[in-house]
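Trainee: I want to know where the labels come from. Can we take them one by one?

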Amino acid sequence: MLLLLACFIPRAIAAWNWDILWVDTVHYLHASVALEQSDFKEGFREFGLNVYPLVLLALRHVGIDWQIAGKWFGVLMATLTVVPLWGWVRRIFDDRVALLACMVYALHGKLIVISPLIIRDSLFWFLWVLSIYLIWRSIGEVRIWLFFAAGLALTLTLHTRTEGWLLMVPLGGWTACRLNSATGRRWKLLAGTLLCAAMIPASVALVNVTWLREHPRWEFFRSQHVQMAADWWSAHFHFPLPFAGESRAQNLSPLPRPSVPGARGEGTGDISPVLAAPPSPIVSPPVASSPAKSPATSPLPPKSRVPGKPHAASTAIASLPPAPVHGLNLKLIERLGKGFLWIGSLLAAIGMTFGWKILMRREHLVLFAMNALLLVITRIRYAQAGLDIRYFMPMVIVGTPWMAQGLLCVIAMARWCFERRRPMSPRGFRILSASLILAGVTCSLVDAPMPAAASMRREAMLGQWIGKKFGPEQTLAGNVEPLSLTTYYAQGRVLSLFPARACLDRHLANYLLDLHPDTIVILVDDTIISSDLPIIEENIVDGTGYHRLDAKDLPLDKNEGLLFTR
């Protein structure tokens, strides 16, 4: 109970102080609304067969504001994660390490601030740790009902986030480690492991033949990450796989726009019309039959196009080569350190260094291999898309026992240093331990704020300003992924999310003429720097009929971005 309170209190404080949506929430909400309307094609388009949009669907009907329900559901899941974490760590280490590992989890700054966000992470953490706990118990105790429960948890985990598939590593690895000692029960162990793995296809088949029986095709897990890996493999080993290249083709397809019932307030009440059009990760080409993009309805005559540039500018923008990225490995390590927090990274390194004999045990090497594979997958994704420190959180949670081991080593070393002069009393040792723990907690909380939080708040404020200034139903185009969040608060509709590097491309003006959005949002990010803004302004304003809004009227600093309107 004390561990639950230690987890709940800081997360409740974080939830109380967080009052806007995260950009991913808009996408989950769009999928949830589509599923509620039985639009399975659109509901499964972005995430595949996923648990979280269904959870969000239920939360929207609990009788209170769905944002309040979603926020506190995340806090609840993040708090309950400590229960299977305690059960697993005390079995693979001991009670002392388990207690400290749970305290590390409870007071880890990044885990605290992510918990109340209305995204799938908190639910995934709970299912992730629950699956590890049940897999460890089922293999150790060789009980069929535990294998069955582990299979259910594993199925839910990998259908919440794709990283759940990595749990097949401990399932297979720990089974192999257990075979030698499972005398007389090896066949039962193998049968249980197969039962656990078979729960995945069996559950998917059950959902497709019952709930989705009217759907014209079967739905499975999200395949985009597999396609990213295939693209990476084909590019580096010159051996193309059958489905390589499909991820980019999917990103370039036009997005259907189902109707969404009602809107209320400034993104704080019911569903906003923006959910009718979440942005594609890369530019969506204009649809010729759309009235908004038809040349006949465009207020600008054909001669107003920028001279010497092709009419089908959208094709040029969409086919831009990948931007050169340098130092990805260093950035990956930096993000990993921020995910662990610098104090957590230090403690984990100390724990693994002084506990290397424990780390070399087979059961720990299996988990080390799983974490290494997660790091490789994250690196592959980072080469083709963005990187969020949230991707490292499963690794952080699995690493909490090593942070606990590192803390124990630091306390032991501090005690040894003090006792070189004179013996330390039990009371003095307790004061020393409490002081070191308090210092660690302070470092964790100081390093807690998410770098993207300020950006999300900026996007929300900008969306509210656009909604008040120009009214609802505005069509927007822009260069940053949080544009969907801006559009949500503006009660508008996303027409296109084009690559940031396209802002400096000579075809951008013609592309905007084809698309014809009401408002264009260009914000500084990792690709665009403030010195690029004058060039981008000239690119957009010249011959397109758009003008830049004065920076002093915007909720943005003049070096943070540009806003254009017709």
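Mentor: We will set values against definitions. This is a predicted model: local features need pLDDT of at least 70, side-chain atom pairs count only at pLDDT 80 or more, and totals for chains, interfaces and linings use all residues. Residues are numbered from 1 along each chain as its sequence is written, and side-chain values use heavy atoms, with hydrogens and water left out.

Trainee: What makes R390 and D121 a salt bridge?

Mentor: The term needs a side-chain nitrogen of Lys or Arg within 4 Å of a carboxyl oxygen of Asp or Glu. Here N to O is 2.9 Å, so the pair qualifies.

Trainee: What does the pair tie together?

Mentor: R390 lies in the loop between α19 (362-384) and α20 (393-398), and D121 in helix α9 (residues 121-141). The pair therefore ties together parts 269 residues apart in sequence.

Trainee: Why is R390 called buried?

Mentor: Buried means under 20% relative accessible area, exposed over 50%, partly exposed in between (1.4 Å probe, protein chains only). R390 has 3%, so it counts as buried. D121, at 1%, is buried too.

Trainee: How do you know whether R137 and E141 are buried or partly exposed?

Mentor: R137 has 15%, so it is buried. E141 has 25%, so it is partly exposed. They form a salt bridge with the closest N and O atoms 2.9 Å apart. Being 4 residues apart in helix α9, they are separated by about one helical turn.

Trainee: What about E459 and R458?

Mentor: Their side chains meet in a salt bridge at 3.3 Å, N to O. E459 is buried at 1%, and R458 counts as buried at 16%.

Definitions and conventions
Helix = DSSP H or I, 4+ residues; strand = E, 2+ residues; numbered from the N terminus.
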